[in-house]
Amino acid sequence: AFTLAYAKPILLIVCIVNSSVMLWFPDKLLVVTVATKETDGYRRFLRTAKHFNYTVKVLGRGQKWKGGDYMSAPGGGQKVRLLNEGLKEMKDDHQIILFIDSYDVVFASGPKELLKKFQQAKHRVVFSSETLIWPDRHLEDKYPHVREGNRFLGSGGFIGYLPNIKELVANWTGDDGDSDQLFFTKIYTDQSKRKSINITLDNKCRLFQNLHGALDDVVLKFEDHQVRVRNVLYDTLPVIIHGNGPTKLQINYLGNYIPNTWTFESGCTVCREDLRSLSALQENEYPLVVIGIFIQQPTPFVTVFFERLLKLQYPKNKLKLFIFNKEAHHQRQVQSFLKDYGSLYEKVTVIEPEEEMDGAASRNLGLDLCRRDQDCDYFFSLDIEVVLKNKDTLKILIEQNLPIVAPMITRAGRLWSNFWGALSGDGYYARSEDYVDIVQGRRVGVWNVPYVSNVYLVKAGLLQRELKDYELFSSSDPDMAFCHNIRNKGIFMYVTNMHTFGRILSTENYQTGHLHNDLWQIFENPVDWEERYIHENYTRIMKDKLIENPCPDVYWFPVFSSVACNHMIEEMEHYGKWSGGANVDNRIHGGYENVPTIDIHMTQINFEKDWQKFLVEYVVPITEKMFPGYYTKAHFELAFVVRYKPDEQPSLRPHHDASTFTVNIALNQVGLDYQGGGCRFLRYDCSIQAPRKGWALLHPGRLTHYHEGLPTTAGVRYIAVSFVDP
């Protein structure tokens, strides 16, 4: 049974008649804690208590906390006062009290083990112990020496018989802001009082594990369907784990596992609890979400970002858009999206580059739009470099029903992600022990983490209550500032890898000097480049036997998407410096072209390295499959886009290519963009007269494959040609 009352520590009380009875009546144990408000840490504590069937009483609920911030200064006297008052109504002298904090405490085992270990201590009151003395170092000499174990008292947890606990706190006359630690220390270091109350310390952490000063001593121990903390210094398994002092992040990490949050046998055991189901709702009943989109630097594939945003499976009349665009380079894409689709959304707010708002201010403004909007239920922060592949992402995050939750995204081929598993001493990135396993999907669940960025969902209720302060972001490092402020409020941030959500783009080395700058992303963002520019059927070429053989040793296969073809043509026309089709050509070695075309070389637009990468990744595998025993690294001296027009250069006379093999990719569609065209191989009297847009012809360049370009009779025909291994 749970009885709630509220404040900050916890009190455990057990009814016993004598020591032999104690072990057989764990249900008589009462846990009392002080918790003046419900926090994420408090709810976690209650969950672990419920798991082991502890009975809990909460003191101070709804009261104002006056016990100070004893993270950095002594405090906590209010806990002692509330405990003293709460004990007066308890009359059973055989009860046992366990008093511990709740916001930063988890249970690792149940009452039976706790009581057994208490009995073995052979004292009426047992305090938790610490390696560090706090808050008065001058009292060190008054502490009794111990042969082995921790010497100093920790006030965050103690267990004892009711009469002894009453005697312990009976003389409290301090203020709520006074130090509970100092009060109990002075009692313990007074030999007569220590003996009268019969107090000892849990020196070897058999009952209590305080983490402050002991982080190197504790490891996770995975048992059958349960996880414990093991103190390797004393080889003990503490029952209660306390993240005292500056170890809140460490208790959060341990709480991801203890006592059975995540196990190797069952995975995440709590990820399906307390969900907010949307399945039974009509679309007009869905929560309203403000989506904040932040464009802070030149970023590739912005058009694709907006295409994915449009496909997000969520009623658009329940979405309001807040778009912050710092980059003039991306105004065209933003305006195009809003012109075509902006009216579908409930409301759209745009901050343009000329307003000169910085990134931190824009994020504060986005949150505040939701904070001040009575209809807003969630704020969904989404950076432009996020590739959100999962159309159900927003619904999944809402259903998780957490204060702040991020979908895990990673950078392709790297261990980079949008969360940190730990923080270094100076508050920056540190790798937790489980980080790699989480990123690589070997551990799947919902994880309490100290830092999220790029994409996350925030409950509007948080913004309207706990996070009323406007300036959650600051200019020095907005994401760091935001997460720091969230942690200081005791609010948990989570990342989920229960589903595959997507990835994040690299914005490094993104140049903006071209018309279609995304074409130059094959090195930085190869997965996104492939999705955008490689034919949708390319990966099925071998499996579904899509390679055609229209002429002897001529192979025809899909390689470029329609978008790739369009971008190549538009890029070349934008560059505009087409050759004149004369034999003299200073662009090539020797300066003379025997069979000239009107063309632009890849080198002219600084695309040669990217083009060779394309050949190596997507053409070489086909070449080596079709011509067994031939291996190539796709070296080329000439790669170019040719333009055929009836009134310019309609055709090309018969010729050999200066290559071991040639790749010829049709960049537009016969019948739609032009008439005529094609390629004829004279030796075989074999023609390909209907080239398919995005398909490549692969054929030997010399000796056997003497060929000509057939006349283009109308429109304009474009092809991309590569002479490989000259």
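Axes are lines fitted to C-alpha atoms, for helices over the stretch in contact, and angles run from 0 to 180 degrees between N-to-C directions. On this basis, in the predicted model, helix α3 and helix α6 (residues 180-189) pack at about 65°, and their axes lie 7 Å apart. That angle makes α3 roughly perpendicular to α6, because angles of 65 to 115 degrees are counted in that class. On the α3 side, the contact involves G77, K79 and V80. On the α6 side, D180, F183 and F184 take part. Sorted by class, the contact of α3 with α6 holds three nonpolar residues, one polar residue and two charged residues.

Helix α3 (residues 77-87) also packs against helix α5 (residues 162-169). Here the angle is about 135°, with the axes 10 Å apart. The pair is therefore oblique. The crossing of α3 past α5 is left-handed. From α3, the residues V80, L83, N84 and L87 meet α5. Their counterparts in α5 are L162, I165, K166 and V169. Six residues of this contact are nonpolar, one is polar and one is charged.

The crossing is right-handed. Helix α9 contributes V302, T303, F306, L309 and L310 to the contact. Helix α10 contributes Q333, V334, F337 and Y341. The contact of α9 with α10 counts seven nonpolar and two polar residues, with no charged residue.

Strand β10 pairs with β13 (residues 240-242) in the parallel sense, over three bridges. Within this pairing, N210 has H242 of β13 as its bridge partner.

The other sheet has four strands, ordered β34-β40-β37-β38, with antiparallel pairing. Its edge strands are β34 (652-655) and β38 (686-688), each of which pairs on one side only. Neighbouring strands in this sheet are turned by 15° against each other on average, direction ignored. Strands β37 (residues 679-681) and β40 (residues 707-709) run antiparallel and are joined by three bridges. R680 stands opposite E708 in β40.

The unreviewed UniProt entry carries the annotation "domain: Fe2OG dioxygenase" for residues 635-726. In the model, the end C-alpha atoms of residues 635-726 lie 8 Å apart. The span is 53% strand and 0% helix.

Most residues other than glycine have a negative phi, and most peptide bonds are trans. The peptide bond from W134 to P135 is cis, with omega near 0°. P135 is found in the loop between β7 (125-130) and β8 (152-161). A cis peptide bond also joins I258 and P259, where omega is about -5°. P259 belongs to the loop between α8 (248-255) and β14 (262-263). At N198, phi is near 70°, a positive value in a residue other than glycine. N198 is found in the loop between α7 (191-197) and β9 (199-201).

Methods:
Residues are numbered from 1 along each chain as its sequence is written. This is a predicted model: local features need pLDDT of at least 70, side-chain atom pairs count only at pLDDT 80 or more; totals for chains, interfaces and linings use all residues. Side-chain values use heavy atoms; hydrogens and water are left out. Helices (H or I, at least four residues) and strands (E, at least two) are DSSP runs, numbered from the N terminus. Angles under 35 degrees count as roughly parallel, over 145 as roughly antiparallel, 65 to 115 as roughly perpendicular and the rest as oblique. A crossing is left-handed if the near helix is turned anticlockwise from the far one by less than a right angle, and right-handed if clockwise. Contact means heavy atoms within 4.5 Å. Ala, Val, Leu, Ile, Met, Phe, Trp, Tyr, Cys and Pro count as nonpolar, Asp, Glu, Lys and Arg as charged, and the others, Gly among them, as polar. UniProt positions are given in the numbering used here, feature names are shortened, and annotations may be inferred rather than shown by experiment. Two strands pair if DSSP finds at least two bridges between them.
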